[in-house]
Amino acid sequence: MVDWKAIEEKWQKKWSEEKVFEPQIGEKPKFYITVAFPYLSGHLHVGHARTYTIPDVIARFKRMQGYNVLFPMAWHITGSPIVGIAERIKHRDPQTIFVYRDVYKVPEEILWTFEDPVNIVKYFMKAAKETFNRAGFSVDWSREFHTTSLHPQFNAFITWQFLKLKEKGLVVKGTHRVRWDPVVGTPLGDHDLIEGEDVQILEYILIKFILEENGKRIYLPAATLRPETVYGVTNMWLNPDATYVKAKVNDEIWVISREAAYKLSFQDKKIEVLEEFKGEKLIGKWVKNPVTGDEIIILPADFVDPDNATGVVMSVPAHAPFDHAALEDIKKNTELLLKYDIDPRIVENISYISLIKLEGYGEFPAVEEAQKLGVKSQEDKEKLEQATKNIYKAEFHKGVFKIEPYKGVPVSKVKDLIANDMKEKGIADMMYEFAEKNVISRFGNRAVIKIIHDQWFIDYGNPEWKEKAREALANMKILPESRRAQFEAIVEWLDKKACARKVGLGTSLPWDREWVIESLSDSTIYMAYYTISRVINKHGIKGEQLIPELFDYIFLEEFSGAREEELGKKTGIPKEVIREMKEEFEYWYPLDWRCSAKDLIPNHLTFFIFNHVAIFKKKHWPRGIAVNGYGTLEGKKMSKSKGNVLNFIDAIKENGADVVRFYIMSLAEHDSDFDWRRAEVAKLKGQLERFYELIEQFASYEIREGVKLKDIDRWLLHRLNKAIYETTKALDEFRTRTASQWAFYSILNDLKWYMRRTEGRDDDAKRYVLRSLADVWVRLMAPFTPHICEELWQKLGGNGFVSLAKWPEPKEEWWNEELEIEEEYIKDLIDDIKEILSVAKIENPKRAYIYTAEDWKWKIAEIVAQKKDFKAAMSEAMKDPEMRKKGKEVANLVNRLIKERVFEVKRIDEEKALRESKDFIEKEIGLEIIINPEEDKGGKKKQAMPMKPAVFIE
């Protein structure tokens, strides 16, 4: 049994004592890789494990390739989330207590100290570092720091960053819509949310339909995302059971849902509620379309959600499948209409209005699409959702407006034209709304959208800045490349982003200290700070010594002894130390790879590009971003609130660090999602224990030069070469699953086959091959399973640490493609014969007759592989008189090979391969084999094809 814990502790201690992962600048080529530092609001789970293990595997791989590798780590504690947790614990929120006591297993005596957010930070910072060390991450801890004013040195760096952004006009004060916690009174960034991080903010146009009441004008603002359809409104929908209000909105009287009145109060609307009533009060009344002047009736609809936009919905049945279905349903519901004193004939006579010409559809596209999808009523919600998506997409991209004065204008353009015209005339307004309801802050409150004045923003909409970001992105490597389009789209739509809050931990804005820089804004260029943090930590440099002018010199200016002397006098930092910081930055920058999960593409990873191009010289712009997928647990999304989380540290304690690392890397490529399944982890543990035992066994073998190898020995060395090549190629491209398959499973399977093929042999050649394999295999596995590989490297007598050993490279003399093809040929033949025996159920089989393809068939296969076309292949074949004699046979063979797309042919001597493996084949199938006898048993001889021998069982 492998004592995983003892081995892990032994090598973690040795790595730490000998500072194996603390690189010094030098002559070696550098490789600088970072990953998003963890936010310390709780324990890391196995989903996080994926994000942090990938760059560690790459860092270890590049270190073994001879690079001077920097892989640092720090801690993120900025923002309101930690403060929100402290507040919820203070108020004994049951859900929060459950998460921290039962999921994160925080002892109760410590849990109650979490009322102070600093204690949360201290506890989880210590826990995270322990987890990273237990996982065997090759981190340079000499550069460790954490964010916020609690770390004055990093605080000084962020102060410098924001002074540079403001100096360039990229931090501005203004008015903008933001997600807002209405209880705490603070803007909310992506990291300030428990739920709804990815929920889109929609911009509704509110069209003010007119209700005349006692000679007074009251407006019913219908919310729509398709303002152009105002020309096709046939009726209005209100929910009779919902609560509506009559409210004074600025200087007008509106009827909207109670929920809408609350939301609009945050959006530059002065709201005074005058009256509350149920929607049924207005059912059957008539309102006037402010654009067309048409009088339309208000109909009851329980599908109208008062908590979505205004709770007032206009009906356009010709172009909205839901409206069509609802209108047809209500026409049949005479009882409901009579309940509200509505004459059913009025509804029966509602005529649809066609607005948009759409190729492939008639006058009423919504009706046709609903019929096509088999919609029977408004209860067919899934079909109606699909119909709506189909119609809206088609009309937006291909539709042409039919109504004057916009006739002939594409729908994609007319939408904004009509909206702007209505706003200018005062008959339309605007409202922001979330696309989904549950947008919840980390304080536990439901968010609203607020228009903020005098808020500080980073102006990502700046056109010149966008152009530089585009240039940087175009020159970067993006893995996977398929994510590039997403980055490009985000660069285009990114606009002003609130960068400061009035609550939470962080660095104060240097020019407006009541504001604290938020978490997605102080985490964009800290990779540059890593390069100098070792020097700062080593020399005990204080925060007040790190003046902006010093950072200007280190990060933006050329080397200058005079400047260093001047700055030394200003800061009290010895000029030699300033030179040391400057040298560190110039050596390590630019950053080679930035790694993170895909959820950070719309924010952090794109902000990272923008902030680098804003501040640094082009030569220091980042070179690459690698994006990884998410993790699930036993097929379900991980959720702290539901207790469906496996903490990273618990997974390590249960299985061992190397098992966890390798399992996560082998499950899916880095950009795909993975699913943690305990049963599979246990199985892998057994496989890695077998790997350990095999290497221990092979370590006792001596390598003797000049041994005479058999073909099967050379085959295994060739396959080992292939594993080296494919593993290296995959890791260069961050394809961790492919790399793990080649580095472990491929070699394991090849070794099993080799041991079968050489059963009974114990000679110098076999021992040489197995000892050579062990030496390569341990090094290939070292980035994935570093602890056991260090132990095995020691057993193999390797020099120093395997973490610093030379990465294996293919040996030219080991390549032999022909042997690989021959061995596959033998494997396939054995499998085919076993299948024949299984299917045919022959009684007492004694021998197998094997017929290989005749020479002329090989010639035809080579012609087909070259020509890849029936006519061309036949034309070439018929040049040979011998082939012309076999005309029909040749034609049949050519046709078959083309149909089977046999376009790659590497000829081997099939009979030689069979004769050399005769004993092994007979042993495997339990029959005597006869190779190419004169007698054509069962007429099988003519069925033989190149690489597909014919078999007759007797």
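Two strands pair if DSSP finds at least two bridges between them. Strands (E, at least two residues) and helices (H or I, at least four) are DSSP runs, numbered from the N terminus. This is a predicted model: local features need pLDDT of at least 70, side-chain atom pairs count only at pLDDT 80 or more, and totals for chains, interfaces and linings use all residues. Residues are numbered from 1 along each chain as its sequence is written, and side-chain values use heavy atoms, without hydrogens and water.

**Stop 1: the sheet.** Select residues 593-597, strand E25, and 624-628, strand E26. They pair in the parallel sense over 4 bridges. Pick Ser-596; its bridge partner in E26 is Val-627. Now show the whole open sheet: 5 strands, ordered E2-E1-E25-E26-E20, with parallel pairing. E2 (68-70) and E20 (477-479) are the edge strands; each has a single partner strand, so one side of each lacks a neighbour in the sheet.

**Stop 2: the cores.** A nonpolar core joins buried (under 20% relative accessible area, 1.4 Å probe, protein chains only) Ala, Val, Leu, Ile, Met, Phe, Trp, Tyr and Cys residues through side-chain atoms within 4.5 Å. The largest has 145 residues; Trp-676, Phe-691 and Trp-777 have the most contacts inside it. Apart from it lies another core of 74 residues, including Leu-170 and Phe-610.

Methods: Buried < 20%, exposed > 50% of the residue type's maximum accessible area, 1.4 Å probe, protein only.
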